[in-house]
Amino acid sequence: MNLILLGPPGAGKGTQADLLRKRFGWLHISTGDILRRALRMGNPIARQAQTQMDRGELVSDEVVLSLVESRLKEPDAAGGYILDGFPRTSAQAQGLEAALHRLGKQIDMVLYLDISAPMVLSRLLGRRVCPNCEANFHVVNRPSVDDKRCDRCGTLLVQRDDDQPETVQRRLKIYNEQTEGLIDYYRSRELLIRIIADRPIDSLHEDIASIFHQRKLA
Ligand code: AMP
């Protein structure tokens, strides 16, 4: 199963991708996580992208395309992958198509997590992340056991710089201007499935899994 998760920041793409990874064993490729990890390791290309990331703006298409293509080439992508946070522009969608063609791979489904703007805001503003293992929490919807530390590795949780209110508004504007058009792009290719994402994590996950089962994709 080769899947793209599409939807605004805060729709729950990362959370759902993580649940799907655990259940079906597919590789979770999050361009945001790859960029943040590269930044922590002092990668010079990621360092150039840091200003855009902190401001909630998009990193150049060339940089993300080359990161994704090299990740897709690795052997662990052979059993299926989930793209989370990519593509985000039509140039990225076209570049992805070309890269998949070169690699002899394809996309089986684009799952669009549809969610209202107020819900997105509350999710992003309440999100807390582990700076060590990238686990995601939410102060109300998914608190960690002791509210402050990561359940997986015990590191102190933080709020991402780009989850601050002003940056969140900028990210949503950029999503509307540059990413939302991909819904029609993938609908016209008959790959798009829309699912209402304004609901509890587990029930959304079960509905996603049953879509895959119905279509015999899992
Ligand atoms: P995310 O964790 O997906 O919200 O990504 C965090 C930040 O990384 C974004 O605000 C962008 O600055 C950058 N980023 C992640 N994925 C992409 C992408 N596909 N295209 C451009 N920039 C990206």
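Which residue stands opposite Asp 84 in β3? In this predicted model, Leu 5 does, and the views below start from there.

**View 1. Strand β3 and its partner β1.** Strand β1, residues 2–6, runs parallel to β3 and is joined to β3 by four bridges. Look for Leu 5 standing opposite Asp 84 of β3.

**View 2. Strand β3 and its partner β2.** Strand β2 covers residues 27–30 and pairs with β3 in the parallel sense, again over four bridges. Here Ser 30 stands opposite Asp 84.

**View 3. The side chains of β3.** In a regular strand, side chains alternate between the two faces of the sheet. Within residues 81–84, Tyr 81 and Leu 83 point one way, while Ile 82 and Asp 84 point the other way. All of these residues are buried.

**View 4. The surroundings of the ligand.** Count the neighbours here and you will find 17 residues around the ligand, with Thr 31, Glu 57, Gly 85, Arg 88 and Gln 92 the closest. Sorted by class, this shell holds six nonpolar, five polar and six charged residues.

View 5. Arg 36 places a polar side-chain atom 3.0 Å from a ligand oxygen atom. Arg 88 has a polar side-chain atom 3.0 Å from a ligand nitrogen atom, and for Val 59 a backbone N or O atom lies 3.0 Å from a nitrogen atom of the ligand. Of the 480 Å² of accessible area that the ligand has on its own, the protein covers 95%.

**View 6. Helices around the ligand.** The elements giving two or more residues to the shell are α2 (31–40) and α3 (44–55). The largest share, four residues, comes from α2.

Notes:
Residues are numbered from 1 along each chain as its sequence is written. This is a predicted model: local features need pLDDT of at least 70, side-chain atom pairs count only at pLDDT 80 or more; totals for chains, interfaces and linings use all residues. Side-chain values use heavy atoms; hydrogens and water are left out. A residue is near a molecule or strand if one of its heavy atoms lies within 4 Å of it. A polar contact is a pair of N or O atoms within 3.5 Å; within protein, one must be able to donate a hydrogen and the other to accept it, and residues adjacent in sequence count only if both atoms are side-chain atoms. Accessible areas come from the Shrake-Rupley method with a 1.4 Å probe; for residues, only the protein chains shown count as cover. Ala, Val, Leu, Ile, Met, Phe, Trp, Tyr, Cys and Pro count as nonpolar, Asp, Glu, Lys and Arg as charged, and the others, Gly among them, as polar. Buried means under 20% relative accessible area, exposed over 50%, partly exposed in between (1.4 Å probe, protein chains only). Two strands pair if DSSP finds at least two bridges between them.
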